[in-house]
Amino acid sequence: MLNFLDYLRTPLSGMSAQSERMRLISENVANADTPGYQRKLPSFAETVDRETGASLVELDRVSLDQRPLREVYDPDHPLADDKGVVQLSNVNMITEIADAREAQRSFEANLQIFDQARRMYGGVLDLLRR
């Protein structure tokens, strides 16, 4: 039988995974103007805690976005090639904002599960005190 803390492992793992996703999104945003930077993409994996059997989620691996880099004609740029073209990052700010919102909502959903379990456990304790 699972105890109360075991029930909280699943939403805690979800919040941790979404926090890591937000870290990658912030790296992408911070490097949006870095020439040659490739956007980082997270992937998640479901694991099972061997002791409790609880389903957990974790950041599996980080890959680089294979979309082509944005090319801009700027012959005065120090990184321009012989044709005057500079390869900028492939970070799209609108995509990053959408991903950040999705990560935030997933984090909040896990937080609500965590809070609901905490309230239910508090209710059980209140009943036992009577």
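Trainee: L128: buried or exposed?

Mentor: L128 is exposed in this predicted model, because its relative accessible area is 66% and the cut-off for exposed is over 50%.

Trainee: Which element holds L128?

Mentor: L128 sits in helix 2, which covers residues 93-129.

Trainee: What nonpolar patch is L128 part of?

Mentor: L128 forms a surface patch with Y121, V124 and L125. Together the four have about 370 Å² of accessible area.

Trainee: How accessible are R118 and D115?

Mentor: R118 has 45% relative accessibility, so R118 counts as partly exposed. D115 also counts as partly exposed, at 25%.

Trainee: Which residues do salt bridges with shared partners join into one network?

Mentor: R39, D65, R67, E96 and D99.

Trainee: Take R39 and D65 from that. What is the N to O distance?

Mentor: The side chains of R39 and D65 meet in a salt bridge at 3.6 Å, N to O. This pair links distant parts of the chain, 26 residues apart. R39 is in the loop between helix 1 and strand 1, while D65 is in the loop between strand 2 (55-64) and strand 3 (71-73).

Trainee: Are those two buried or exposed?

Mentor: R39 counts as buried because its relative accessibility is 8%, under the 20% cut-off. D65 is buried too, with a relative accessible area of 7%.

Trainee: How many salt bridges does a search of the whole structure find?

Mentor: The search finds 12. One of them is between the side chains of K40 and E27, at 2.6 Å, N to O.

Trainee: What does the K40 and E27 pair tie together?

Mentor: K40 lies in strand 1 (residues 40-48) and E27 in helix 1, so the pair ties together parts that are 13 residues apart in sequence. K40 counts as partly exposed at 25% relative accessibility, and E27 counts as partly exposed at 23%.

Trainee: Switching to A17. Where is it, and is it buried or exposed?

Mentor: A17 is found in helix 1, residues 4-30. A17 is buried, with a relative accessible area of 3%.

Trainee: What does A17 touch?

Mentor: Leaving out residues up to four places away in sequence, A17 touches F44, V57, E58 and L59.

Trainee: And how far is A17 from S43?

Mentor: They are 9.7 Å apart in space, C-alpha to C-alpha, and 26 residues apart in sequence.

Trainee: Now the overall fold. What order do the elements run in?

Mentor: The protein has two helices and four strands. From the N terminus on, the order is α-β-β-β-β-α.

Trainee: Why is the protein called more spread out than a compact globule?

Mentor: Because its radius of gyration is 22 Å, well over the 14 Å that the globule rule gives for 130 residues. The C-alpha trace spans about 80 × 25 × 15 Å along its principal axes.

Trainee: What share of the residues is buried?

Mentor: Of the 130 residues, 25% count as buried. The protein exposes about 9,100 Å², and carbon and sulfur atoms supply 54% of that area.

Trainee: What about the contacts between residues 24 or more positions apart?

Mentor: They account for 58% of the contacts with a separation of 6 or more.

Methods: Residues are numbered from 1 along each chain as its sequence is written. This is a predicted model: local features need pLDDT of at least 70, side-chain atom pairs count only at pLDDT 80 or more; totals for chains, interfaces and linings use all residues. Side-chain values use heavy atoms; hydrogens and water are left out. Buried means under 20% relative accessible area, exposed over 50%, partly exposed in between (1.4 Å probe, protein chains only). Contact means heavy atoms within 4.5 Å. Patches are made of residues with over 30% relative accessible area and no salt bridge: like charges are joined within 9 Å, nonpolar side chains (Val, Leu, Ile, Met, Phe, Trp, Tyr) within 5 Å. Accessible areas come from the Shrake-Rupley method with a 1.4 Å probe; for residues, only the protein chains shown count as cover. The radius of gyration is taken over C-alpha atoms; the globule rule is 2.2 Å times the number of residues to the power 0.38.
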